[in-house]
Amino acid sequence: MKKKILHINSYYIARSFYFILFEKLRKLGYDLQVFVFAEKGRNIEHNKLADYIDISNDFVKWDRLFFHIKHFKVYKDLKRRERKLQDFSLVHAHSLFSNGYIAYRLKKDYGIPYIVAVRGTDVTVFFKYMFYLRKIGVDILYNSSKVIFISPAHKKTVFGKYVPEKLRSVIEKKSFVIPNGIDTFWLENKRTNVKNKCRDTIRLLYVGEINSNKNLVLTCQAINDLILQGIDITLEVVGKIIEQNGYEEIMKYTFVKYLGVLQKEQLLDIYNENDIFIMVSKSETFGLVYAEALTQGIPLIYSKGQGFDGFFDDGFIGYPAVADNKTDIAAVIKRVNNEYEQLAQNCISVGNRFSWDEIAKIYDDIYMDITYKKV
């Protein structure tokens, strides 16, 4: 058995894909304990639970307004639950501020090294708006053994805007970009050849929640502008309706077809029936659905400066579009359509990049490097 690792992950309840990573790491020989914290009263039922996952409900809703009060309660509860914290060789915090702060405290009090991940919320909420916490965020980065960015775009933003120049080189040297992985279903059913594209119609596909952040209304306006130019376009939408107003707004367009919430087996057929995947979100940590679409060999239109932007050069598997600019979205749709065959071929070639097996091996190398240095 390899070293004992403590994972701190307050996002686990809403993000079941983490379970796949944990199981992969256990198969590599790690003894894991996962500490998950959520507010009192929150439904903690989860279809991916195991005896090494410990869920705590030790703070109330209003504690979210007071960072230090909330995290004092969380840290106190962690110490109560984990009596032998000194037995852990490493802490893996799955966000910078909330999870990373707990890891930072553990290092100060027990000397346990930690790695910390930077999520979209850390960049677009904590760093951007909670200016009074920026120094804490930088301190957490500086005192970590390694920094994991889920997205190249977020790494660029953090170093460009929030890390002081005198600390950039130190933090940069220990930083990595490691994406989230996708369900093995998509890799097992990966497309191996470029399908014949419909030449008379641009068939767009969106998969995701229907809410204002996903920017579907402006996307439809951009599509409508292209239709007025004489271009034939359809948009199929798959996903849960979160905001009814937004759903009603996009359904005013005759080119939109809503397919509801589909199982992955059904979704496989829908990918095959469409040509280009489009999701120009206002904010995105990573966007697993982009990676899933890649495996089906369809080019992508994604958000400029957000989670998926930067994993590939512009024009390799698709192009980014500016989320608040319908003219740019329309131009990118035309560009991707014009370059379809080469983009689709490139998509097929890189699908394995988002395999959890490969990602777990990268973490294994990082863990081993830190824990052996500690010894």
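What covers the buried residues of helix 12? In this predicted model, the cover includes helix 8 (184-188), helix 11 (264-273) and helix 14 (340-349). Strand 8 (202-207), strand 11 (276-278) and strand 12 (300-303) also belong to the cover. Helix 12 spans residues 288-295, and seven of its eight residues are buried, so it is largely enclosed by the rest of the structure. The buried residues are Val289, Tyr290, Ala291, Glu292, Ala293, Leu294 and Thr295. Gly297 follows helix 12 and has a positive phi, near 70 degrees.

The largest nonpolar core has 91 residues. Within this core, Phe308 is one of the four residues that touch the most other members, together with Leu235, Tyr271 and Phe277. Helix 15 (residues 356-374) gives the most to this core, contributing seven residues. A second core is separate and holds 39 residues. Among them are Leu96, Ile112, Phe149 and Val163.

Ile329 lies in helix 13 (residues 326-338). Its relative accessibility is 0%, so Ile329 counts as buried. Beyond four places in sequence, Ile329 touches Asn215, Leu218, Thr219 and Ala222, as well as Ile278 and Val280. Ala321, Val322 and Ala323 complete this set of contacts. Ile278 is 51 residues from Ile329 in sequence. In space, the C-alpha atoms of Ile329 and Ile278 are 9.5 Å apart.

Helix 2 (residues 67-81) packs with helix 3 (residues 98-110). The angle is about 60 degrees, and the axes are 10 Å apart. The two helices, helix 2 and helix 3, are therefore oblique to each other. Their crossing is right-handed. On the helix 2 side, the contact is made by Phe67, His68, Lys70, His71, Val74, Tyr75, Leu78 and Lys79. Helix 3 meets these residues with Ser98, Tyr101, Ile102, Arg105, Leu106, Asp109 and Tyr110. By class, the contact between helix 2 and helix 3 has eight nonpolar, three polar and four charged residues.

Terms used: Residues numbered from 1 in each chain as written. Predicted model: local features only at pLDDT ≥ 70, side-chain atom pairs only at ≥ 80, totals over all residues. Heavy atoms only, no water. Core = buried A, V, L, I, M, F, W, Y, C linked by side-chain atoms within 4.5 Å. Buried < 20%, exposed > 50% of the residue type's maximum accessible area, 1.4 Å probe, protein only. Helix = DSSP H or I, 4+ residues; strand = E, 2+ residues; numbered from the N terminus. Axes fitted to C-alpha atoms, helices over the stretch in contact; angles between N-to-C directions. Parallel < 35°, antiparallel > 145°, perpendicular 65-115°, else oblique. Left-handed = near helix turned anticlockwise from the far one by under 90°. Contact = heavy atoms within 4.5 Å. Nonpolar A, V, L, I, M, F, W, Y, C, P; charged D, E, K, R; others polar.
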